[in-house]
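Colleague: Could you take me through the strand pairing and the aromatic contacts here, giving the reasoning behind each assignment?

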Amino acid sequence: MKRILIFLLLAVAFTSCKSTSTVANKSESKKENRNLVNNLIEKATDNIGVRYKAGGTTKGGFDCSGLVYTTFQSESIPLPRSSYEQAKIGKVIPLNDAKKGDLIFFKTNKSRQINHVGLITEVNSDEIKFVHSSTSKGVIISSTKEAYYKNSFEQVNRILN
């Protein structure tokens with residue numbers, strides 16, 4: 001009887017420790033994810049002002065998917081090279097569930113397929129801001145409030161959990 005009681009006490013103690021460490025692990029995981037998102041946004045926004053260059057993946061010039069590709073690569077996260085292929089990665093989520101670090105995709109210039117991508121830097125109740133490389137202005141931050149992007153919006157993908 002005494003052995004059973006000791007066993008039960010140990011089982012309860014181990015279960016308690018396990019659940020506490022799971023909470024701690026989830027908390028650490030969220031913090032690590034937040035740091036990762038902030039690193040990605042910092043890396044991308046460090047390129048504001050860099051000119052647009054078709055096929056570009058360096059400070060010498062970026063195209064939209066090149067900026068996203070290089071930004072994620074800096075954190076050892078592999079992505080496809082084109083915006084069309086990047087749109088197939090992760091989970092498509094509703095626009096109103098978008099968070100910093102998600103990718104936002106567009107069909108611009110009446111394209112039938114996704115041809116533009118940005119990295120979400122800020123989410124407000126009625127607006128999403130994203131860093132991207134535009135053909136006319138290079139790497140900039142734009143908003144879904146701008147008619148051009150509001151009208152060409154296609155989807156948001158969550159790459160990071």
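Colleague: Is strand β7 largely enclosed or open?

Modeller: This is a predicted model, and the answer rests on its computed accessibilities. Strand β7 spans residues 138-143, and five of its six residues are buried. Because of this burial, the rest of the structure leaves strand β7 largely enclosed.

Colleague: In β7, which residue is the bridge partner of V131?

Modeller: Strand β6, residues 127-134, pairs with β7 in the antiparallel sense over six bridges, and a hairpin of three residues joins β6 to β7. Within β7, the bridge partner of V131 is I141.

Colleague: How is the aromatic pair of F106 and F130 classed?

Modeller: Five aromatic pairs are found in a search of the whole structure, and in one of them F106 and F130 lie 5.1 Å apart, centre to centre, with 35 degrees between the planes. Planes under 30 degrees apart would count as stacked and those over 60 as edge-to-face, so with 35 degrees between the planes the pair of F106 and F130 is tilted.

Colleague: How many residues apart are F106 and F130?

Modeller: The pair links distant parts of the chain, with F106 in strand β4 (residues 103-106) and F130 in strand β6. F106 counts as buried at 0% relative accessibility, and F130 counts as buried at 0% as well.

Colleague: Why is the pair of Y148 and Y149 edge-to-face?

Modeller: Y148 is partly exposed, at 41% relative accessible area, whereas Y149 is buried, at 7%. Their ring centres are 5.0 Å apart, and the pair is edge-to-face because the planes stand at 85 degrees.

Notes: Residues numbered from 1 in each chain as written. Predicted model: local features only at pLDDT ≥ 70, side-chain atom pairs only at ≥ 80, totals over all residues. Heavy atoms only, no water. Buried < 20%, exposed > 50% of the residue type's maximum accessible area, 1.4 Å probe, protein only. Helix = DSSP H or I, 4+ residues; strand = E, 2+ residues; numbered from the N terminus. Pairing = 2+ DSSP bridges. Phe/Tyr/Trp six-rings, centres within 6.5 Å; stacked < 30°, edge-to-face > 60°.
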